[in-house]
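Please open the structure in your viewer and keep the selection tool at hand.

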Number of protein chains: 2
Amino acid sequence: METRTPTKPDYETMARQLKVLSDPRRLEILDVLIGGVQCNCEIGDHLDMAPNLISHHISVLRKAGLVRAERDAVDARWIYYSINEESLAAISETFGQFFSPGRIKPRRPDCGPKAVTLTSGHHRQSSARCQ
Amino acid sequence: METRTPTKPDYETMARQLKVLSDPRRLEILDVLIGGVQCNCEIGDHLDMAPNLISHHISVLRKAGLVRAERDAVDARWIYYSINEESLAAISETFGQFFSPGRIKPRRPDCGPKAVTLTSGHHRQSSARCQ
DNA sequence: GAAATAGTTCAATGAGCATTGAAATAATTC
DNA sequence: GAATTATTTCAATGCTCATTGAACTATTTC
């Protein structure tokens with residue numbers, strides 16, 4: 001009988017995705033991009049970060065599939081970054097499900113020494129173990 | 001005019017919370033706890049981790065307020081861990097909102113050299129900057 | 001009180017990673 | 001083609017943190 005999620009989640013993959021999101025600079029960059037700002041120069045204006053640092057964090061977000069890049073058709077020095085909406089939706093879905101409080105199951109009453117005690121009086125047998 | 005979330009999120013705090021969640025071992029522990037297993041011995045059986053490592057990760061989860069501990073009333077050597085439902089709900093709410101794809105705003109058209117080009121012909125003035 | 005059991009704390013190791021400044025690449029302008 | 005602009009890559013530094021084994025605390029059993 002399975003007590004966890006129906007299909008056991010890939011914790012390694014989930015952790016890797018969450019690690020990408022667990023940086024304040026990257027959260028701020030994401031927030032700016034979500035807000036509709038995609039011009040690199042304006043990103044720099046908002047963020048007060050060294051350009052190479054912005055570049056580094058954006059590359060992390062790109063490798064994670066969260067952000068896409070597109071060069072300007074007229075002046076190819078400019079690059080526009082944008083949120084990969086599908087990727088964000090997938091993350092939102094996955095973690096929304098995993099961390100949903102509704103998933104919490106009640107404490108299993110047949111576990112631990114208390115259970116043994118409750119059924120056989122004040123003293124339990126010495127080999128008492130859960131299950 | 002604000003283009004991001006109404007009240008600017010505390011990226012540092014969010015990142016710290018996400019960092020706690022960005023470990024495969026901690027995700028697995030959380031999943032076991034969410035599944036209703038709270039007896040330490042059974043946690044150990046499920047996780048195939050050294051007891052001191054379980055203890056370490058659980059202490060991280062406890063410091064983050066995600067997990068609570070309670071000693072067995074009969075045999076105080078046993079400790080039962082449980083999910084702090086309110087804390088999980090708060091996290092689910094915060095991140096569900098932040099990463100919601102519905103928040104994504106369209107690209108601002110008045111940004112970058114393309115905008116200048118579109119209104120003033122093929123050549124833009126050399127000092128062109130966004131906004 | 002000695003042995004056994006449940007769990008935590010400590011110290012050491014090593015890997016990963018954010019940050020910084022400088023150099024390099026790419027594209028455009030004059 | 002030299003200078004300028006936009007962005008990336010590189011190398012070095014230092015901090016954080018997961019992991020391990022050993023020692024320690026607390027509690028119960030005999």
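Two terms are needed at the outset: a residue is buried when its relative accessible area is under 20%, exposed when it is over 50%, and partly exposed in between (1.4 Å probe, protein chains only). Helices (H or I, at least four residues) and strands (E, at least two) are DSSP runs, numbered from the N terminus.

This is a predicted model, in which local features need pLDDT of at least 70, side-chain atom pairs count only at pLDDT 80 or more, and totals for chains, interfaces and linings use all residues. Residues are numbered from 1 along each chain as its sequence is written, chains are lettered from A and ligands numbered from 1 in the order in which they are written, and side-chain values use heavy atoms, with hydrogens and water left out.

**Stop 1**

Select residues 40-47 of chain A, which form helix H3. Which residues of this helix are buried? They are Cys41(A), Glu42(A), Ile43(A) and Leu47(A).

Next, select Asp48(A), which follows H3(A) and lies in the loop between H3 and H4 of chain A. Its phi is near 55 degrees, a positive value in a residue other than glycine. Most residues other than glycine have a negative phi. Asp48(A) counts as exposed because its relative accessibility is 72%.

Turn to chain B and select H3(B), where the buried residues are Cys41(B), Glu42(B), Ile43(B) and Leu47(B). They pack against helix H2 (24-34), H4 and strand S2 (79-83) of chain B. Just after H3(B), Asp48(B) takes a positive phi of about 55 degrees.

**Stop 2: Asp23(A)**

Select Asp23(A), in the loop between H1 and H2 of chain A. Is Asp23(A) buried or exposed? Asp23(A) is buried, because its relative accessible area is 18%. Not counting residues up to four places away in sequence, Asp23(A) is in contact (heavy atoms within 4.5 Å) with His57(A) and Ala15(B). Asp23(A) and His57(A) are 34 residues apart in sequence, and their C-alpha atoms are 9.1 Å apart.

**Stop 3: the nonpolar core**

A nonpolar core is a set of buried Ala, Val, Leu, Ile, Met, Phe, Trp, Tyr and Cys residues joined through side-chain atoms within 4.5 Å. The largest one has 59 residues, and Phe99(A) and Phe99(B) have the most contacts inside it. Select Phe99(A): leaving aside neighbours within four places in sequence, its contacts are Leu18(A), Leu21(B), Leu27(B), Leu30(B), Leu88(B) and Ser92(B). In soluble globular proteins, nonpolar side chains tend to be buried together.

**Stop 4: confidence along chain A**

Chain A averages 80, and 76% of the residues score at least 70. Where in chain A is confidence lowest, and where is it highest? It is lowest in helix H6 (residues 113-120), at a mean of 45, and highest in H1(A), at 96. Select residues 115-131 of chain A to end the tour: over this stretch the pLDDT is below 50, and beyond near neighbours in sequence the stretch has 23 contacts in the model.

Key: pLDDT is the predictor's confidence in each residue, from 0 to 100.
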